[in-house]
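Welcome, and thank you for taking a look at this one with me.

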Amino acid sequence: MSTAAAVARPGKVLADLLPASRTGSAAVARNAALVIGGAALTGIAAQIAIPVPGSPVPVTGQTFAALLVGTALGTRRGFLSLALYALAGMAGVPWFAGGGSGYAMASFGYVIGLMLAAAAVGALARRGADRSVLRTAGTFLLGEAIVYAVGVPYLALSTGMGLSAAIAAGLTPFLLGDVLKAALAMGALPTAWKFANK
């Protein structure tokens, strides 16, 4: 089997291609750095926040970053990255959307959804779902659907909105942006694998 075929086979995610010992302290240090780096990337991307009139939920870069982290790191490390992001934000690190922190906010359900979505897209990436344009788009759209499946009901419960109002405030304004995020991922991830295979 060629090196390219070994690199490209399902079962690996992009982070697995980084050189490091698979056992011992080097592996632990690498995985810790990946988890912390994924949380930091999500926190930085969350600062790209554009308010949406009539909605307590802004348009941010955090969903794209979280799904990218999950896809690149795989299920376990992706979930841990987003769990670290959530726990640090709950503890007061101001890196939720627009510099927010804590859990007493209407958009916190989206943060919970990000953890689940990162794990789901990481599992799909291990099965090769980030190797082609169409499968990558489907993976990202599924991840975004998971975020909304948690975030929108949480928004409704925390604000007292009806479900239709929560959908109008917490889902509908974001659909075009989600399609654009999926399109960006469609180009970025398969291209990264092509470079890895070379």
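1. A word on the basis comes first. This is a predicted model, in which local features need pLDDT of at least 70 and side-chain atom pairs count only at pLDDT 80 or more, while totals for chains, interfaces and linings use all residues. Residues are numbered from 1 along each chain as its sequence is written, and side-chain values use heavy atoms, with hydrogens and water left out.

2. How many salt bridges does the structure hold? There are 4 of them; the term stands for a side-chain nitrogen of Lys or Arg within 4 Å of a carboxyl oxygen of Asp or Glu. One of them joins the side chains of R126 and D16, at 2.6 Å from N to O. This pair links distant parts of the chain, 110 residues apart: R126 belongs to helix α5 (residues 108-126), and D16 to the loop between α1 (3-8) and α2 (24-45). Helices here are DSSP runs (H or I, at least four residues), numbered from the N terminus.

3. The cut-offs are under 20% relative accessible area for buried and over 50% for exposed, with partly exposed in between (1.4 Å probe, protein chains only).

4. Next, have a look at K181, which is found in helix α8 (residues 175-197). Its side chain meets that of D178 in a salt bridge of 3.7 Å, N to O. K181 and D178 both lie in helix α8, 3 residues apart, or about one turn of the helix. K181 counts as buried because its relative accessibility is 17%, and D178 is buried too, with a relative accessible area of 4%. Salt bridges that share partners also join D16, R77 and R126 into one network.

5. Which residues does K181 touch, not counting those up to four places away in sequence? They are T60, T63, F64, F140 and E144, where a contact means heavy atoms within 4.5 Å.

6. Now to the rings: a search of the whole structure finds 6 aromatic pairs. Rings of Phe, Tyr and Trp (its six-membered ring) pair if their centres lie within 6.5 Å; planes under 30 degrees apart count as stacked, over 60 as edge-to-face and the rest as tilted. F64 and F140 form a tilted pair, with 5.8 Å centre to centre and 50° between the planes. F64 lies in helix α3 (residues 62-73) and F140 in helix α6 (residues 133-159), so the pair ties together parts that are 76 residues apart in sequence. Both F64 and F140 are buried.

7. F96 and F108 form an aromatic pair that is tilted as well, at 6.1 Å centre to centre and 55° between the planes. Since F96 lies in the loop between α4 (75-90) and α5, and F108 in helix α5, the pair ties together parts that are 12 residues apart in sequence. F96 is buried, with a relative accessible area of 1%, and F108 counts as buried at 7% relative accessibility. Y85, W95, F96, F108 and Y154 form one aromatic cluster.

8. Finally, please check R131. The side chains of R131 and D130 meet in a salt bridge (3.2 Å, N to O), and both residues are buried. The charged end of R131 also sits over the ring of W193, 3.7 Å from its centre; this requires NZ of Lys or CZ of Arg within 6 Å of the ring centre and within 35 degrees of the ring normal.

Methods. Helices (H or I, at least four residues) and strands (E, at least two) are DSSP runs, numbered from the N terminus.
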